[in-house]
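My entries follow the order in which I checked them.

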Amino acid sequence: MNIDYRIGDMFKGGHKYIAHGCNAQGVMGSGVARIVNDNYHYAYLTYRGKYDRVGLKLGEVVVAKPEVRQCMSDPFLPTIFNCITQDHYGTDQRYANYGAIQACIKWIDRYMWVEKGPVGSPIEVAFPMIGAGLAGGDWGIISQIIEREAKHFIPVVYDFTP
């Protein structure tokens with residue numbers, strides 16, 4: 001499915017689903033992951049809890065849904081897909097793993113197929129330019145992966161420069 005590009009803050013787009021890239025080290029200290037940690041702490045706690053229990057593996061997706069009591073105070077809290085797209089983190093080299101990004105997009109595609117079913121309108125999933133920021137990946141490669149693997153959801157990619 002073609003990417004729907006938008007400019008702005010994906011967290012203000014009213015999306016029910018948001019996906020972003022994470023490392024496998026249990027740290028959300030910078031970039032979009034830091035924004036998630038600071039503003040959607042339930043997503044960090046879910047991610048960190050899995051890391052503490054069994055560790056994190058490249059290509060897996062840690063799904064974080066807000067608790068019912070959180071939804072009562074803010075009914076628009078999104079489900080967040082914490083995509084493990086890099087093993088380590090830093091800015092000195094490319095940390096984005098293209099195979100892991102592909103596995104995450106495939107996983108989200110299956111999830112959305114189950115969520116919506118094979119019929120009906122595809123659901124939007126908001127993304128930053130996953131893997132192409134601090135992780136150092138090539139957006140030309142990553143965008144092709146997303147468009148090839150997204151069959152049951154509309155990938156909405158935000159150009160977000162805080």
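The entries below begin with the ground rules and then go element by element.

**Ground rules.** I am working on a predicted model, where local features need pLDDT of at least 70, side-chain atom pairs count only at pLDDT 80 or more, and totals for chains, interfaces and linings use all residues. Residues are numbered from 1 along each chain as its sequence is written, and side-chain values use heavy atoms, with hydrogens and water left out.

**Entry 1: helix α5.** I took helices and strands as DSSP runs, numbered from the N terminus (helices H or I, at least four residues; strands E, at least two). I call a residue buried under 20% relative accessible area, exposed over 50% and partly exposed in between (1.4 Å probe, protein chains only). Helix α5 spans residues 139-149, and W139, I142, S143, I145, I146 and E149 are buried there. Down the axis of α5 these buried residues fall within an arc of 155°, so they line one face of the helix. I took the arc from the directions from the helix axis to the C-beta atoms. The cover over them includes β1 (4-7), α4 (98-116) and β6 (153-159).

Next I looked at the N-terminal end of α5. D138 caps it, with a side-chain oxygen 2.7 Å from the backbone nitrogen of G140. I count a polar contact as a pair of N or O atoms within 3.5 Å; within protein, one must be able to donate a hydrogen and the other to accept it, and residues adjacent in sequence count only if both atoms are side-chain atoms.

**Entry 2: S143.** S143 lies in α5. Its relative accessibility is 11%, so S143 counts as buried. A polar atom of its side chain lies 3.2 Å from the backbone oxygen of G140. I set contact at heavy atoms within 4.5 Å. Not counting residues up to four places away in sequence, S143 touches I3 and Y5.

**Entry 3: P155.** I found P155 in strand β6. P155 is buried, at a relative accessible area of 0%. Leaving aside neighbours within four places in sequence, its contacts include M1, F127 and I146. L134 is 21 residues away along the chain, and the two C-alpha atoms are separated by 20 Å.

**Entry 4: strands around β4.** I let two strands pair if DSSP finds at least two bridges between them. In β4, 8 of the 8 residues are buried, so the strand is largely enclosed by the rest of the structure. Strand β2 (residues 17-23) has 6 of its 7 residues buried. β2 and β4 (residues 79-86) pair in the parallel sense over 7 bridges. C22 has I84 as its bridge partner, and Y17 stands opposite T79.

**Entry 5: T46.** T46 sits in helix α2 (residues 41-54). At 29% relative accessibility, T46 counts as partly exposed. Leaving aside neighbours within four places in sequence, T46 is in contact with V62, V63 and A64. P66 is 20 residues from T46 in sequence and 9.9 Å away, C-alpha to C-alpha.
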